Amino acid sequence: MNAPEHTGIEHEVHVHTNMSACGDQKKRPFSGVEDVQDSPMAKRRRKKGKKRHIAALILARGGSKGIPLKNIKMLAGVPLVGWVLRAAIDSKVFDSVWVSTDHDEIEKVAKAWGAEVHRRSPEVSKDSTSSLETIQEFVRLKPEVDIICNIQATSPCLHPYHLKEAMELITKNGYQSVFSVVRRHHFRWREVKTGGGCTHTEPENLNPAKRPRRQDWDGELVENGSFYFSARHLIKKGMLQGGKMAYYEMLPEYSVDIDVDIDWPVAEQRVLRYGYFGMEKLEAVKLLLCSVSGCLTDGQVYVSASGEEMVSVNTRDETGIRMLQREGVEVILICSRETPVSCSLAERLSQRTGCKLRQDAAEADEAQESGMEEGGLPGQRRGGRGVSEAGGDERGAPGRPRGGAQRRQVRLPQPGGAGAVREFAEHILLLIEKARSKMAQDRICRD
């Protein structure tokens with residue numbers, strides 16, 4: 001990356017520092033370099049009183065070497081790129097939100113999460129292509145864009161307020177580039193090599209004879225890669241940072257960067273604690289209606305040589321039911337009178353698991369309404385409609401009862417009778433954990 005031109009003049013640059021999860025802030029002076037040159041198009045827009053077009057751009061190439069299709073791999077129940085897209089869209093500071101990709105599946109996910117898609121050319125889809133080259137192509141093809149915010153797809157703990165506050169440094173304070181950083185308190189050493197080997201080490205940012213305490217040292221600012229706001233003319237010059245610059249400091253807990261697969265389970269726990277779950281209130285599922293035929297079974301009836309009809313159930317699904325019960329989710333089994341063999345299986349499962357049993361859809365609706373009334377929460381999410389019949393892309397459908405808002409659909413890799421109920425149970429438990437994390441976030445902000 002090219003360094004910004006030095007004008008030879010020092011200026012005081014006020015830099016925004018985010019100090020808490022609730023958006024507390026302070027400004028501190030920083031000695032930087034200012035180049036107030038602006039693009040002719042931007043000047044003409046201001047003279048005419050036209051609003052500048054601000055675009056968010058997430059780079060999501062399909063050929064990730066570390067983790068195949070990393071950008072759409074599920075993280076805590078959401079595609080990785082979905083976390084930053086949700087934050088960007090809900091920030092409401094962008095005139096357009098884009099995903100730049102060369103892969104069909106990533107394009108589908110991006111559009112499903114509300115983004116527009118820039119299909120990058122083969123020239124900027126190589127392993128050797130830099131992020132800046134891809135952004136430059138986007139700028140060249142989108143002449144209406146004045147300010148670009150490059151958001152890193154691998155930063156799932158980004159929140160809308162991070163983007164809002166950073167954007168204000170541009171719109172209210174006149175900065176031309178703003179980038180996110182995190183404060184680190186790491187003592188760094190460098191290798192000093194002579195010939196072919198390392199002979200000794202030397203300190204880079206400390207005096208070993210006067211080693212400071214952590215509380216006596218401000219630490220160092222390190223780019224965390226979450227986002228880079230840049231004016232159009234800087235991108236065209238080959239710079240993400242330049243002109244009148246400012247940094248935006250994020251707390252360490254929000255500075256998550258997923259590079260390798262080993263980061264995934266750690267990042268998932270961090271996201272559950274510090275991720276942004278959207279503007280909708282998260283509600284835990286309390287009731288699950290589960291059809292036996294086609295959900296707990298594969299929908300087939302087997303006939304023995306003696307003419308006896310049989311159905312099978314996956315033990316993983318039974319475990320999934322018990323997992324939900326331990327978390328206080330009521331599970332009601334539904335069977336049809338038209339399939340006596342399934343009803344026999346349902347009766348045995350009901351005895352083994354303690355689940356209530358209902359026959360046909362009418363009794364299921366009655367049970368759902370009864371559960372809502374007992375909880376005193378009509379219209380609230382009291383449960384899901386279980387797992388739908390096997391077949392098709394949408395194999396799981398946790399829904400809302402009558403009087404609720406919208407219905408959600410969940411894709412499950414396994415079909416009915418092969419572990420779909422267990423996977424659906426794990427999804428519901430994840431929703432419960434998200435709701436708890438969101439409540440914890442709200443308590444932090446109130447305190």
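Modeller: Let us begin with a salt bridge. Arg422 forms one with Glu426, and the closest N and O atoms are 3.0 Å apart. Please bear in mind that this is a predicted model.

Biologist: Where do Arg422 and Glu426 lie, and how many residues apart are they?

Modeller: Both belong to helix α12 (residues 420-446), and they are four residues apart, which is about one turn of the helix. Glu426 is partly exposed, with a relative accessible area of 35%.

Biologist: How many salt bridges does a search of the whole structure find?

Modeller: The search finds 17 salt bridges. One of them joins the side chains of Lys111 and Glu107, at 3.0 Å from N to O. These two residues are four apart in helix α3 (residues 104-112), so about one helical turn separates them. Glu107 counts as buried because its relative accessible area is 17%, and the cut-off for buried is under 20%.

Biologist: Which residues are linked with Glu107 and Lys111 in a network of salt bridges?

Modeller: The network links Asp104, Glu107, Lys111 and Arg119.

Biologist: What does the salt bridge between Arg352 and Glu318 link?

Modeller: The side chains of Arg352 and Glu318 meet at 2.8 Å, N to O. This pair links distant parts of the chain, with Arg352 in helix α10 and Glu318 in helix α9, 34 residues apart. As for accessibility, Arg352 is partly exposed, with a relative accessible area of 47%, whereas Glu318 is buried, at 9%.

Biologist: Let us turn to Asp317. Is Asp317 buried or exposed, and which side chain of opposite charge is nearest?

Modeller: Asp317 is buried, yet it has no salt bridge. Arg316 has the nearest side chain of opposite charge, 5.5 Å away, while a salt bridge requires the nitrogen and the oxygen to be within 4 Å. Asp317 lies in helix α9 (residues 315-326).

Biologist: Which residues does Asp317 touch, not counting those up to four places away in sequence?

Modeller: Asp317 touches Cys295, Leu296, Gly417, Ala418, Gly419, Ala420, Val421 and Arg422. Arg422 is the residue with which we began, the partner of Glu426 in a salt bridge.

Biologist: May we now consider strands? Why is strand β17 described as largely enclosed by the rest of the structure?

Modeller: Five of the six residues of β17 (residues 330-335) are buried, so the strand is largely enclosed.

Biologist: Which strands are joined to β17 by bridges?

Modeller: Strand β14 (residues 287-291) runs parallel to β17 and is joined to it by five bridges. In this pairing, Cys290 stands opposite Leu333 in β17. Strand β18 (residues 356-359) also runs parallel to β17, and four bridges join the two. Here Cys335 stands opposite Gln359 in β18.

Biologist: What do β17, helix α10 and β18 make?

Modeller: Together with helix α10 (residues 340-353), β17 and β18 make a right-handed β-α-β unit. Helix α10 is also where Arg352, the partner of Glu318, is found.

Biologist: Finally, how should I read a backbone angle such as phi?

Modeller: The general idea is that most residues other than glycine have a negative phi. Lys92 has a positive value, near 60°, although it is not glycine.

Biologist: Where is the place of Lys92, and is Lys92 buried or exposed?

Modeller: Lys92 is in the loop between α2 (80-91) and β6 (96-101). Its relative accessibility is 64%, so Lys92 counts as exposed.

How values were computed
Residues are numbered from 1 along each chain as its sequence is written. This is a predicted model: local features need pLDDT of at least 70, side-chain atom pairs count only at pLDDT 80 or more; totals for chains, interfaces and linings use all residues. Side-chain values use heavy atoms; hydrogens and water are left out. Buried means under 20% relative accessible area, exposed over 50%, partly exposed in between (1.4 Å probe, protein chains only). Lys and Arg count as positive and Asp and Glu as negative; His and the chain ends are not counted. Contact means heavy atoms within 4.5 Å. Two strands pair if DSSP finds at least two bridges between them. A crossover is right-handed if, with the strands pointing away from the viewer, the path from the first strand over the helix to the second runs clockwise.
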